[in-house]
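Please look at the sequence and the 3D structure below before reading on. The report that follows describes how some of the parts are arranged.

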Amino acid sequence: MKRTSLRRVIVPLVSVVPVVLMLVACGGNNEEGSGLSGTITADGSSTVGPLTAAASELFNEDNPDVRISVGESGTGGGFEKFCAGETDMNDASRPIDDAEEAPKCKANGVEYQEMIVANDALTVIVPTSNDWARCLTTEQLKKIWEPKAEETVTNWSQVDPAFPDVPLDLYGPGTDSGTFDYFTDEINGEEGASRADFTPSEDDNIIVEGVAGSEGGLGYLGFTYYEQNTDKLKAVEIDSGDGCVAPSTDTVQGGTYTPLGRPLFIYPSVASVSDNEALAAFVEFYVENDATIAEAAQYIPLSDDQKSTLESELADLQSAAGL
């Protein structure tokens, strides 16, 4: 599943129920607010969650009576709730699965709009004490992470004889994570194919602390979490055949950070946008202020072409919602 195009799937929606992690930013620049009120429920990717949380905080500056909850149960866990009609919007670090998730949404009458709202450099991390793994090839990453590796590659010296005799200590996203799906697909050639003897977590901060605290630590997560912890972590450059490339805004937007540069998505419910004035306003705000939101949350912004496409998708969403 390697696509980045946007699309719209139209079917009806069932009931929506509130979820967790309430973020209500009050005050802002407009003390009286806009007069808009209501509740919005989002869930999904822990990679995209901070971006949506940043969008909600900026939105609440002028709309303090809108309550926005942002859960982080992982892309897959979020789609389970979204396709059951339990949330208004799903955050995702990969496209919806056409084989399983999209049919569930259709069966339950959930119509959605796929929208790319930012970019990410899926970042391979080591502790700052690691002075040998400046760059890894995609072949070396596969050697480390493929399913059979737990029996054959347990030490850095087994990755490369030039590396020291230090046991590997691996950390990564849990199996409900879109980041796990994306990494295993791109590196191991099959979504979900991975060695099992690593420490998995849907909480990226656990991955950060685990890698940072271990001499032989190695993990992968979204670029934002790396940027927030550069005092503890180093980003490994990736060589996919054309030399070593570091994760950055320029390398992702320029398409040279391959294969780990990726788009990030939101999936608003069309019926919720139609029925919930607050959600309709929030999604429009998200699109119109996309670059500001990305900067505030330390994400890689959209290219000009991506931004133009996003604006067209917003128009499609509004049309489908009867706005």
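## A sheet and the helices across it

Strand β8 (residues 123-127) and strand β13 run antiparallel and are joined by three bridges, where strands (E, at least two residues) and helices (H or I, at least four residues) are DSSP runs numbered from the N terminus, and two strands pair if DSSP finds at least two bridges between them. Within β13, A235 stands opposite I125. This is a predicted model, in which local features need pLDDT of at least 70, side-chain atom pairs count only at pLDDT 80 or more, and totals for chains, interfaces and linings use all residues. Residues are numbered from 1 along each chain as its sequence is written, and side-chain values use heavy atoms, with hydrogens and water left out.

The two strands belong to an open sheet of five strands with mixed pairing, in the order β11-β10-β12-β8-β13. Because β11 (199-201) and β13 (233-235) each have a single partner strand, they stand at the edges, and one side of each is left without a neighbour in the sheet.

| Helix | Strands it lies across | Angle to β12 |
|---|---|---|
| α7 | β8, β10 (169-173), β12 (217-221) | about 110 degrees |
| α8 (residues 204-212) | β8, β10, β11, β12, β13 | about 155 degrees |

The axes of α7 (residues 178-188) and α4 (residues 138-145) come within 9 Å and cross at roughly 115 degrees.

Definitions and conventions: Axes are lines fitted to C-alpha atoms, for helices over the stretch in contact, and angles run from 0 to 180 degrees between N-to-C directions. Contact means heavy atoms within 4.5 Å.
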